[in-house]
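Hello,

Here is the structure I said I would pass on. My notes on its aromatic rings follow below.

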Amino acid sequence: MDDYQKEFARVLADTGALFFAPGLQLKDGRPTPYFVNLGLFRTGRLIGRLGSFLARMLLTRGLISQIDVLVGPSYKGSALAVATAQALWTEHGIDLLFEYDRKEAKSHGEATGRGSLFVTNALFPRARVFILDDVVTTMGTKYDLLKLLEAESSSRRLDLTVTGVGLAVDREQTMVVLDEQGRIRAGVKGEDAAALFTAKTGIPIHTLVRIREVIDYLAADRVPVLVDGTRKPLDLETIEKFQKYMAGYGVERTSAPAG
């Protein structure tokens, strides 16, 4: 891990955005021993730091030259796009456009007569778009945003190109598998959501940190993490729960999807 990735891992622990607790459940219904809630980056200082980390990811991986507009899916991605654009300007002198979607199309003002599901009107003909979001689990939000971008591009004849997806945290988790009755098959691995997304769309995914490296780093440096409501270095029992969970549901990658 680079220094800025280690710093981000520490902020995840310090804020309680990364925490372990019994009885946690994912949106798809599966149990999980831990959760990552970037909604806790809710002050100017914290969202500014998150934007700074994402900006450094874009710079260190040489992605800036491929981006005209940063787009964040509502709701959490919206703040990430704004924070990253702000950090690129204030810290690196790079001024990029940002955009995010709305839940209901606007048909008045600048959108009169056509309707628009985007807020800042930053999209322009042949713009290169880079999507920013918080975590990867199923990639469902990213597929939904692609559909909105395709519709906007078609209706306004923009010929947009999505050059990549940037994520703060990769849970490195496979997709849920259901039986014939629609019930979750416990401990059964589905497909790698991130790899499947790239295979289907051709769009690379770039992740700020992967959860395995975060846990390994925090455990090795004995950084206090919120476990069952108490801040303490990760103990053997907690690490074993995490490892068991990843053995049951984690992807089998030797590296990140695209960095």
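The structure, which is a predicted model, holds nine aromatic pairs. In one of them, Phe19 and Phe35 sit 6.2 Å apart centre to centre with 50° between their planes, which makes the pair tilted. This pair joins distant parts of the chain: Phe19 belongs to strand E1 (residues 18-20) and Phe35 to strand E2 (residues 34-36), 16 residues apart.

A second pair is formed by Tyr34 and Tyr245. The ring centres of Tyr34 and Tyr245 are 6.3 Å apart and the planes meet at 85°, so the pair is edge-to-face. It also links distant parts of the chain, with Tyr34 in strand E2 and Tyr245 in helix H7 (residues 236-249), 211 residues apart. Tyr34 is buried at a relative accessible area of 0%, and Tyr245 is buried at 7%.

Ring pairs also connect Tyr34 and Tyr245 with Phe20, Phe242 and Tyr249 in a cluster.

On helix H7 itself: it has 14 residues and spans 20 Å from first C-alpha to last, close to the 20 Å expected at 1.5 Å a residue. Which residues of H7 are buried? They are Thr238, Ile239, Phe242, Tyr245, Met246, Gly248 and Tyr249. The elements that cover the buried residues of H7 include E1, E2, helix H6 (211-220) and strand E9 (224-227).

Regards

Notes: Residues are numbered from 1 along each chain as its sequence is written. This is a predicted model: local features need pLDDT of at least 70, side-chain atom pairs count only at pLDDT 80 or more; totals for chains, interfaces and linings use all residues. Side-chain values use heavy atoms; hydrogens and water are left out. Rings of Phe, Tyr and Trp (its six-membered ring) pair if their centres lie within 6.5 Å; planes under 30 degrees apart count as stacked, over 60 as edge-to-face and the rest as tilted. Helices (H or I, at least four residues) and strands (E, at least two) are DSSP runs, numbered from the N terminus. Buried means under 20% relative accessible area, exposed over 50%, partly exposed in between (1.4 Å probe, protein chains only). The expected span of a helix is 1.5 Å times one less than its number of residues. Contact means heavy atoms within 4.5 Å.
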